[in-house]
Amino acid sequence: MTSDQETMTAAYITRPGSADEIRIGRFQVPELGSSEVLVKVRALAVNHVDTFVRSGAYRTRLPYPFIIGRDLVGTVVTAATGFAPGDTVWCNSLGFDGRQGSFSEYAAVPADRLYLLPGGVDPENAVASLHTAATAYIGLFKEAGLRVGETVVVTGAGGGVGTAAVQLAAAAGARVVATARPDDFDWCRRCGADEVVDYHDPDMYVKIAKLAPGGVDVFWDSAGQHHLEQTVPLLAHGGRMIILAGLGATPVLPVGQLYTRNASLRGFVISNATVAELAAAATAINHLLARGTLVSRIGTRLPLTEAARSHRLQEGAEPHRPCGRIVVLP
């Protein structure tokens, strides 16, 4: 290490483990590869996948010491094709497959994973929406092939990914039935849900069936409950269920109810998305951010030095977490 001008603060781990493994230290500002852009970080967000990577539950190639995190909004420091110093930019695919993460004062971002942020967009709202909205976009439109007029059920619609799925499905002209706790009903309706059902209601599946008498075209399972014996019979002919939560779950599958409907179950995780798929999602995200129709609730703001706490909050290891996304500010 040399002078403070050439070093930065970062949150990192030296091995997989609990949130207590996260350390704060000084690193050299990264040297850039031929296709990388140096970004001064302004805002970060915490996602469930960040905790899976940190803990080792989701195995991927990691360089140690490994800087955690995947999302950022920041300012370009070094000029590159398509980017000029001072541009406000974002990325949502760091910290995976050998790439260092985002939880630092500066980040080297591959140019093909970096996108300009539309003018006038609040960086904190943007960073809180990036991972969830890209997950919703790729899951709904690539994996599920959502079409105008179809009926979509979004479980756990008050959460980050659920919120984005409701907003994107509604914007695409789908009819959205959301499940959430009663405290989130108004929020779900504001996001575009046509109907909201209490996910604690023992008659929840009966009520969904009544709301979708023609069957559910896309069942978006972000809650990780996997009650397939109740949900698969809700699917329409050709219905698609997108499963993106529930590591380690081993539910019973009613095979007959599945194949007689020509229905399908699709496992999906955004970490497997290609650069082209992420770029397509970025175009849609920027369009909605610029229109002000993609919003997230921010429940907690923390400094970078409390990165370990941000992961504990995300995992529910600390009580009384405010409802909404966790944003970290370097």
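Visitor: Which element gives the largest share of the lining of the largest pocket?
Guide: That's α3, with four residues. Residues 160-171 make up α3. Keep in mind that this is a predicted model, where local features need pLDDT of at least 70, side-chain atom pairs count only at 80 or more, and totals for chains, interfaces and linings use all residues. Residues are numbered from 1 along each chain as its sequence is written, and side-chain values use heavy atoms, leaving out hydrogens and water.

Visitor: What makes a residue part of the lining of the largest pocket?
Guide: A pocket is an open set of points on a 1 Å grid over the protein atoms alone, with protein on both sides within 12 Å along at least five of seven lines, and a lining residue has an atom within 4 Å of a point. By that rule 46 residues line the largest pocket, and His48, Gly160, Val161, Ser222 and Gln314 lie nearest its centre. Besides α3, elements giving two or more residues include α1 (48-55) and β16 (325-329).

Visitor: Which domains does this lining draw on?
Guide: At least three residues come from each of domain 1 (7-129 + 297-328) and domain 2 (144-267); those bounds come from an automatic or database domain assignment.

Visitor: What about the second largest pocket: which strand gives the most to its lining?
Guide: β7 does, with four residues. In total 17 residues line this second pocket, with Met8, Pro30, Ile67, Gln100 and Ala108 nearest its centre.

Visitor: Why are β9 and β10 called a pair?
Guide: Two strands pair if DSSP finds at least two bridges between them. β9 (151-154) and β10 (175-180) have four bridges, in the parallel sense, so they meet the rule. Val154 stands opposite Ala178 in β10.

Visitor: What makes β11 and β14 edge strands?
Guide: The open sheet has six strands with parallel pairing, in the order β11-β10-β9-β12-β13-β14. β11 (195-198) and β14 (264-267) each pair on one side only. From one strand to the next, the twist averages 20 degrees.

Visitor: Which strands does α2 lie across, and at what angle does α2 run to β12?
Guide: α2 lies across β12 (216-221), β13 (235-243) and β14, running at about 150 degrees to β12. Angles go from 0 to 180 degrees between N-to-C directions, using axes fitted to C-alpha atoms, for helices over the stretch in contact (heavy atoms within 4.5 Å).

Terms used
1 Å grid on protein atoms, 1.4 Å probe; cavity = no way out; pocket = protein on both sides within 12 Å on 5 of 7 lines; lining within 4 Å.
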